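Please look at the sequence and the structure shown here before reading the report. The text is meant to be read with both in view.

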Amino acid sequence: MSPVDLDPYAADLTEPTVWEVYEAAREAGPVAWSDRRGGFWVVTGYDDVRAVLRDAATFSSASGHRIPTDGTQRAVPIDFDPPLHTGYRKLMTPVLSPARVRALRPFLERTISELVRAFATRGGGDFVTEVALPLPLAVLTELVGFAPSTVERFREVTEQMWSGLDADGAAVDFVGARQRVYDLMADELAAHRSDPVDDVVGSLLTAEVDGRALDEDERISILATFAVAGHETTMNAASTLVHLLVAHPEHQRRLRADPERAPAYVEEMLRHRSPAQNFARRATCPASVAGHRIAEGDAVLLSLAAANRDPERFADPACFDPDRDARGHLGFGWGIHQCPGGVLARTELAILLRTLGELPPLHLDGEVTWSGLQGGNHLGPTRLPIRFATDGA
Ligand code: HEM
């Protein structure tokens with residue numbers, strides 16, 4: 001058994017040191033053991049991570065998607081196995097279907113254009129708080145039917161949490177923040193009960209799973225998942241893309257000349273930076289990963305981020321190269337839990353890039369700060385000061 005000193009809550013799990021941690025884990029073996037947080041296996045190879053993601057019967061999500069997998073995480077649907085997981089997905093995926101996203105496209109184009117052009121008119125500012133944070137919130141409002149006041153309060157909770165996530169963010173009150181989001185969702189359901197509206201929130205009031213009505217905790221959890229899963233991820237992905245653009249001005253020029261390349265940039269960013277980095281599972285029976293014996297009950301941390309930089313799958317993986325074929329990356333996961341928001345996120349991000357390409361060049365205008373993983377999976381800039389060139393340079 002190869003040991004690796006990987007603590008999902010360690011301060012070095014941030015940009016740029018996080019990549020060294022993954023390389024150390026890769027060197028320790030395709031499957032390495034970490035003693036931290038009760039002990040767990042770390043899987044870094046592309047084929048191995050994908051194989052585990054495909055085998056949900058052996059590698060369960062029901063003990064939680066974060067380390068420690070102690071069974072206290074109960075987010076719908078990510079912390080559930082079939083058959084309940086299948087029932088939850090049936091309720092959630094239609095909201096995010098390709099047809100739904102196509103219908104939403106004019107709204108996305110209008111909203112992104114307004115946000116980005118207002119930002120450019122001001123000459124720039126902090127891209128995270130002024131564009132990346134409000135964008136998914138506006139989309140969620142339209143998609144799910146949250147009231148503007150709910151979104152405003154949700155924004156406050158996220159901003160508070162986000163500003164505390166910088167390197168020394170140990171003081172971030174995740175439990176309190178989650179409770180505030182749950183309270184908001186309960187208020188939304190109550191408002192829809194007294195004033196019925198035909199939207200996603202309204203539909204949950206009568207929805208069924210497994211032949212019975214959803215209970216209130218399930219409704220709250222589904223709404224909280226839409227809010228949280230669709231928000232931080234998209235926000236990080238948008239800011240990370242813009243960070244790549246300011247770090248590589250040549251790519252700004254290329255995108256401006258050929259906006260049709262925007263989706264290729266999005267895919268390569270998802271591979272290269274993996275805005276959602278690591279997810280946990282627990283073995284339901286004795287199993288084997290890359291020839292290593294995994295005992296029943298063992299926790300396994302699947303590093304999508306490391307798998308997306310596996311040199312056996314992607315040549316020169318640390319290089320950001322939008323000309324490569326990044327298809328097959330694990331940025332949205334794989335198997336039954338694969339992200340149902342992929343089409344929406346890809347569409348939003350490509351529109352964002354095209355819109356930015358119509359504006360003057362972007363420059364970095366100060367220090368960038370990054371979130372730490374802090375046991376979770378979201379990584380992205382917490383502050384990204386941008387200014388637009390005034391002379392077209
Ligand atoms: C760039 C943006 C995004 C990234 C990188 C991302 C990434 C992921 C990943 C890797 C998973 C799989 C987790 C696992 O296997 O345990 C996941 C699941 C999920 N994502 Fe996303 N996501 C993004 C955007 C969104 C959006 C916009 C929504 C909805 C509005 C969304 C909703 C969900 C949900 C509901 C799940 C749980 C699926 C399940 O357990 O079956 N995501 N996401």
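Predicted model: local features only at pLDDT ≥ 70, side-chain atom pairs only at ≥ 80, totals over all residues.

Residues are numbered from 1 along each chain as its sequence is written.

**Sheets**

Strands of a sheet pair through backbone hydrogen bonds, either parallel or antiparallel. Here two strands count as paired if DSSP finds at least two bridges between them. Helices (H or I, at least four residues) and strands (E, at least two) are DSSP runs, numbered from the N terminus.

Strand 1 runs parallel to strand 2 (residues 31-34), and 2 bridges join them. S2 has A32 as its bridge partner in strand 2. Angles run from 0 to 180 degrees between N-to-C directions, and axes are lines fitted to C-alpha atoms, for helices over the stretch in contact.

Another open sheet consists of 3 strands in the order 5-15-12, with antiparallel pairing. Its edge strands are strand 5 and strand 12, each of which pairs on one side only. From one strand to the next, the twist averages 20°. Strand 5 (residues 124-126) is joined to strand 15 (residues 385-388) by 3 bridges, and D126 stands opposite P385 of strand 15. Strand 12 (residues 362-364) also pairs with strand 15 over 3 bridges in the antiparallel sense. Across that pairing, L364 stands opposite I386 and L362 stands opposite F388.

**Two helix pairs**

Two packed helices are described by the angle between their axes and the distance between the axes. The table gives these values for two pairs.

| Helix pair | Angle | Axis distance |
|---|---|---|
| Helix 11 and helix 15 | about 30° | 10 Å |
| Helix 4 and helix 6 | roughly 150° | within 10 Å |

Helix 11 and helix 15 pack with their axes at an angle of about 30°. That angle makes helix 11 roughly parallel to helix 15. Angles under 35 degrees count as roughly parallel, over 145 as roughly antiparallel, 65 to 115 as roughly perpendicular and the rest as oblique. Helix 11 passes helix 15 in a right-handed crossing. A crossing is right-handed if the near helix is turned clockwise from the far one by less than a right angle, and left-handed if anticlockwise. T233, T234, A237, A238 and L241 of helix 11 meet A345, E348, L349, L352 and L353 of helix 15. Residues are in contact if their C-beta atoms, placed from the backbone, lie within 7 Å. By class, the residues of this contact are 7 nonpolar, 2 polar and 1 charged. Ala, Val, Leu, Ile, Met, Phe, Trp, Tyr, Cys and Pro count as nonpolar, Asp, Glu, Lys and Arg as charged, and the others, Gly among them, as polar.

The axes of helix 4 (residues 98-121) and helix 6 (residues 134-144) cross at roughly 150°. The two helices, helix 4 and helix 6, are therefore roughly antiparallel to each other. Helix 4 passes helix 6 in a right-handed crossing. On helix 4 the contact residues are L104, F107, L108, T111, I112 and L115, and on helix 6 they are P134, L135, A138, V139, E142 and L143. This contact has 10 nonpolar, 1 polar and 1 charged residues.

**Around the ligand**

Which residues come nearest to the ligand? Of the 27 residues around it, these are G230, T233, G333, C339 and G341. A residue is near a molecule if its C-beta atom, placed from the backbone, lies within 6 Å of it. Helix 3 (84-92), helix 10 (216-229), helix 11 (232-247) and helix 15 (342-357) each supply at least two residues of this shell. The shell has 16 nonpolar, 10 polar and 1 charged residues.

**Backbone details**

The peptide bond between I67 and P68 is cis, with omega about 0°. The bond from P82 to P83 is also cis, and its omega is near 5°. P68 lies in the loop between strand 4 and helix 3, and P83 is found in the loop between strand 4 and helix 3 too. R37, in the loop between strand 2 and strand 3, has a positive phi near 50° although R37 is not a glycine.

How values were computed. Contact = placed C-beta atoms within 7 Å.
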